[in-house]
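Hello,

Here is the structure I promised to pass on. Please open it first, then read my notes below.

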Amino acid sequence: MTVGSPAINGRSMIAGAHPTIPYQLKAAITRTRSTAWLLRTRGLADMKGLRIIMYHRVADDRDELAVSPARFRQHMEFLASEGYRVLDVPGVADALVTEELPTRTIGLSFDDGYRDIAENALPVIAEYGFRATVFLSTGVTDGRARFSWYRQQPPLLAWHEVVELDRGGSLEFEAHTVTHPNLLAVDDQRAMAEIADSKVELEERLGRAVSVFSYPAGLFGERERRFVGEAGYRFAVSCEPGANLTTTDRLALHRRQIDARDHLLDFRAKVGGGHDTPLPLRGVYRRLRYGEGSGRPRLAS
């Protein structure tokens with residue numbers, strides 16, 4: 001989960017692993033940066049490295065984490081028309097390891113495992129032959145915990161659906177902790193359990209190895225990175241913007257969120273490198289708001 005606004009569906013946010021930069025302000029800054037990118041590059045994408053994009057929901061709900069199905073299709077149609085190869089996160093990570101970086105290749109991911117991914121995103125992904133990774137918080141998926149920023153949580157994929165979809169060829173599932181906490185704000189024992197147990201639980205459900213971890217809200221420091229490595233993950237994704245190179249930290253891969261208010265220009269700019277640098281003062285904001293616990297946070301979206 002990354003930057004949202006003070007409310008989702010008209011409900012107040014609860015402090016935790018969900019930032020609260022005013023969404024209208026973020027959208028205005030995004031549009032300004034996208035326009036500057038277009039004027040500077042005439043719309044020519046920077047093909048350096050491999051970028052990973054991330055969504056949460058694909059739905060028409062009044063939810064700032066929900067990109068509309070029409071807009072999602074528009075985004076995917078653009079990638080197809082421009083000849084992009086769309087991979088899941090392990091596919092991108094493996095390309096980085098082999099140091100053979102294909103051009104016009106991008107990673108696609110979703111956080112949290114909402115049911116509308118299967119209902120509204122999967123048909124489009126499958127139509128174009130794309131692949132995507134869905135990151136799950138296992139305790140939320142099976143009802144032991146809830147996402148604290150919703151009073152009325154949208155439907156999530158059930159375990160039997162996750163297992164079936166994981167075997168279907170277009171979506172594959174990876175770990176996103178057990179309960180989606182701010183890892184910086186919990187003690188060592190809790191942080192390690194959140195990271196390691198989500199891997200074990202997901203592997204038991206899927207019957208295969210789980211190799212990628214997603215830091216909730218992109219919040220992590222050296223302690224959390226170390227725990228991810230000790231738990232046996234090969235890769236992890238942050239919410240730090242930018243292209244991934246062969247030299248990029250494998251446990252801190254860059255990823256850029258696609259927001260509900262992103263028009264096609266914003267999407268093109270994010271895919272093309274126009275948003276590869278952090279927002280102004282973002283690092284200061286994140287340290288002040290989320291610097292609790294052991295270690296200092298990396299920048300997150």
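This is a predicted model: local features need pLDDT of at least 70, side-chain atom pairs count only at pLDDT 80 or more; totals for chains, interfaces and linings use all residues.

The largest cavity has a volume of about 70 Å³. Its lining consists of Asp46, Met47, Gly49, Leu50, Arg51, Tyr84, Pro102, Thr103, Arg104, Thr105, Ile106 and Val271. Six of these residues are nonpolar, three are polar and three are charged. In total, the count comes to four cavities of 30 Å³ or more.

Now the helices. Two packed helices are described by the angle between their axes and the distance between the axes. Helix α2 (residues 69-81) packs with helix α9 (residues 264-271) at an angle of about 50°, and their axes are 10 Å apart. That angle makes α2 oblique to α9. The crossing of the two is right-handed.

Which residues meet there, in α2 and in α9? From α2 come Gln74, His75, Met76, Phe78 and Leu79; from α9 come Leu264, Phe267, Arg268 and Val271. This contact divides into six nonpolar residues, two polar and one charged. Look again at Val271: this residue of α9 is in the contact with α2, and it also lines the largest cavity.

Best wishes

How values were computed: Residues are numbered from 1 along each chain as its sequence is written. Side-chain values use heavy atoms; hydrogens and water are left out. On a 1 Å grid over the protein atoms alone, a cavity is a set of points where a 1.4 Å probe fits but cannot get out, and a pocket is an open set with protein on both sides within 12 Å along at least five of seven lines; lining residues have an atom within 4 Å of a point. Grid points are joined across faces, edges and corners, and a volume is the space filled by probe spheres set on the points. Ala, Val, Leu, Ile, Met, Phe, Trp, Tyr, Cys and Pro count as nonpolar, Asp, Glu, Lys and Arg as charged, and the others, Gly among them, as polar. Axes are lines fitted to C-alpha atoms, for helices over the stretch in contact, and angles run from 0 to 180 degrees between N-to-C directions. Helices (H or I, at least four residues) and strands (E, at least two) are DSSP runs, numbered from the N terminus. Angles under 35 degrees count as roughly parallel, over 145 as roughly antiparallel, 65 to 115 as roughly perpendicular and the rest as oblique. A crossing is left-handed if the near helix is turned anticlockwise from the far one by less than a right angle, and right-handed if clockwise. Contact means heavy atoms within 4.5 Å.
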